[in-house]
Amino acid sequence: MPGWLPRAMVMALALYGVFQLGSWAFYQLIGLLTNVLIAFFLALAIEPAVGRMAGRGMRRGLATFLVFLAVLIAGVGFVVMLGSMLAGQIIDMVEEFPKYLDSVINWVNQTFRTELSRVEVQDSLLHSDWLQKYVQNSATGVLDVSTTVLGGLFRLLMIFLFSFYFAADGPRLRRALCSVLPPSRQTEVLRAWEIAVDKTGGYIYSRGLMALISGAAHYILLVVLGVPYAPALAVWVGLVSQFIPTIGTYLAGALPMLIAFTVNPWYALWVLGFVVVYQQFENYVLQPKLTSKTVDIHPAVAFGSVVAGTALMGAVGALIAIPAVATLQAFLGVYVKRYDVTDDPRVQGAHQRRRGEPVLRRIRRAVGGNRERSRER
């Protein structure tokens, strides 16, 4: 056996062990890394406001606290307003539920010529096996739901804490990062940081604009249908559908459908159809155009980045995909050398033609040449 072979085997086993340990640590910390990434982009989003307030002489810590306090007050006020509205509508729905049930039973009796009654339906539902199993499963799942809610609150608190430190200690963080790099690299890092702030701000602006358009469109629909609390529901649809990726559209559309059902069950179907149609319009027409103008990327690249981000990181990837790709594109654009394009009609998709010779004459000349060659043969 060669003398180097045992050392090579030990080295290979050691490298394999280090790789397995690193993979295990990465999968254990993937949740923390995701929270830090979300917090970093949130800090980039509020960086312009914090920097503007700090430029007027306010301490960055106080400026960051005021920005987060304003966001928190707006969020809590919006949730309380919607909660009170939803509670009142649920009470009205419970009180009117017997009437809805009677109308459905009458329709079934007239259509299928049956003789159902509300008492029979209620008894069959209360004594059904699936209802008893559902109640038992719900009782045993209360602890799981409570654990999930507490975990979500803890994760949200962690994200806000990290984003507060990133925004408040932004200059110190940039200084610490640049201190380990040569001067030429420091300039590139600072420029990349500035580009990331601009692109993230543009992305938030585009999302806010789409939320405004979505809220206005759904407000018109709800007013036409006569659904109560139309302004609050429109704000709910606009914000939730734009700032909660993947499932935000379904959460946003469920509440107006529920409120519309209390007015007229058919109105809920109208709201559902409008939500589906508007979502397709937004995904394929509105969102690519707005993001291409505010974030300065091609609509196809914006759509593809959202799909790729969702495939890689789920909802978080869908949320940060566009600003991340825009930042990378703007940063790499400096190092890509571009040249002037020649004035060639083929660039515009046109075929180059011979000038000075009509099309009909060229066709006749081609036909005559074919005849001469056939005669020679």
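Analyst: Patches are made of residues with over 30% relative accessible area and no salt bridge, where like charges are joined within 9 Å and nonpolar side chains (Val, Leu, Ile, Met, Phe, Trp, Tyr) within 5 Å. Accessible areas come from the Shrake-Rupley method with a 1.4 Å probe, and for residues only the protein chains shown count as cover. A salt bridge is a side-chain nitrogen of Lys or Arg within 4 Å of a carboxyl oxygen of Asp or Glu.

User: Okay, and how should I read the model itself?
Analyst: This is a predicted model: local features need pLDDT of at least 70, side-chain atom pairs count only at pLDDT 80 or more, and totals for chains, interfaces and linings use all residues. Residues are numbered from 1 along each chain as its sequence is written, and side-chain values use heavy atoms, with hydrogens and water left out.

User: Which residues make the nonpolar surface patch?
Analyst: Leu62, Phe65, Leu66, Leu69, Leu72, Ile73, Val76 and Val80 make a patch of about 710 Å². Val76 sits in helix α3 and is partly exposed, with a relative accessible area of 44%. On that scale, buried means under 20% relative accessible area, exposed over 50%, and partly exposed in between (1.4 Å probe, protein chains only).

User: How many helices and strands are in the chain?
Analyst: The chain has 14 helices and zero strands. Helices (H or I, at least four residues) and strands (E, at least two) are DSSP runs, numbered from the N terminus. Of the chain's 377 residues, 27% count as buried.

User: New topic: how many cavities of 30 Å³ or more are there?
Analyst: The count is two. On a 1 Å grid over the protein atoms alone, a cavity is a set of points where a 1.4 Å probe fits but cannot get out, and lining residues have an atom within 4 Å of a point. Grid points are joined across faces, edges and corners, and a volume is the space filled by probe spheres set on the points.

User: What's around the largest cavity?
Analyst: The largest cavity holds about 70 Å³ of space. Its lining is Ser214, His218, Val237, Ser241, Thr249, Ala252, Gly253, Val275, Tyr278, Gln279 and Glu282. Helices α8 (183-225), α9 (230-243), α10 (248-263) and α11 (265-294) each give at least two lining residues, and α11 gives the most, with four.

User: How do those lining residues divide by class?
Analyst: Four are nonpolar, six polar and one charged.

User: Is Tyr278 buried or exposed?
Analyst: Tyr278 is buried, at 8% relative accessible area, and belongs to helix α11. The C-alpha atoms of Tyr278 and Ser214 are separated by 8.2 Å, though the two are 64 residues apart along the chain.

User: And what lines the second largest cavity?
Analyst: Phe40, Ala43, Leu44, Glu47, Phe166, Ala167 and Trp193 line that one, and about 40 Å³ of space lies in it. Helices α2 (30-55) and α6 (142-168) each supply at least two residues, with α2 giving the most, four. By class, the lining has six nonpolar, no polar and one charged residues.

User: I saw Glu47 in there. What does Glu47 form with Arg60?
Analyst: A salt bridge, with the closest N and O atoms 3.2 Å apart. This pair links distant parts of the chain: Glu47 is in helix α2 and Arg60 in helix α3 (residues 60-112), 13 residues apart. Glu47 is buried at 12% relative accessible area, and Arg60 is buried too, at 17%.

User: Why do such side chains pair up at all?
Analyst: Side chains of opposite charge can pair when their charged atoms come close.

User: How many salt bridges does the whole structure have?
Analyst: Two. Besides the Glu47 and Arg60 pair, Glu188 forms one with Arg185, where the closest N and O atoms are 3.1 Å apart. Glu188 and Arg185 are three residues apart in helix α8, so about one helical turn separates them. Glu188 is partly exposed at 22% relative accessibility, and Arg185 is partly exposed at 46%.

User: Last one: where is Ser305 found?
Analyst: Ser305 is in helix α12 (residues 299-313) and counts as buried, at 7% relative accessibility. Ser305 and Ala326 are 21 residues apart in sequence and 9.6 Å apart in space, C-alpha to C-alpha.

Terms used: 1 Å grid on protein atoms, 1.4 Å probe; cavity = no way out; pocket = protein on both sides within 12 Å on 5 of 7 lines; lining within 4 Å. Nonpolar A, V, L, I, M, F, W, Y, C, P; charged D, E, K, R; others polar.
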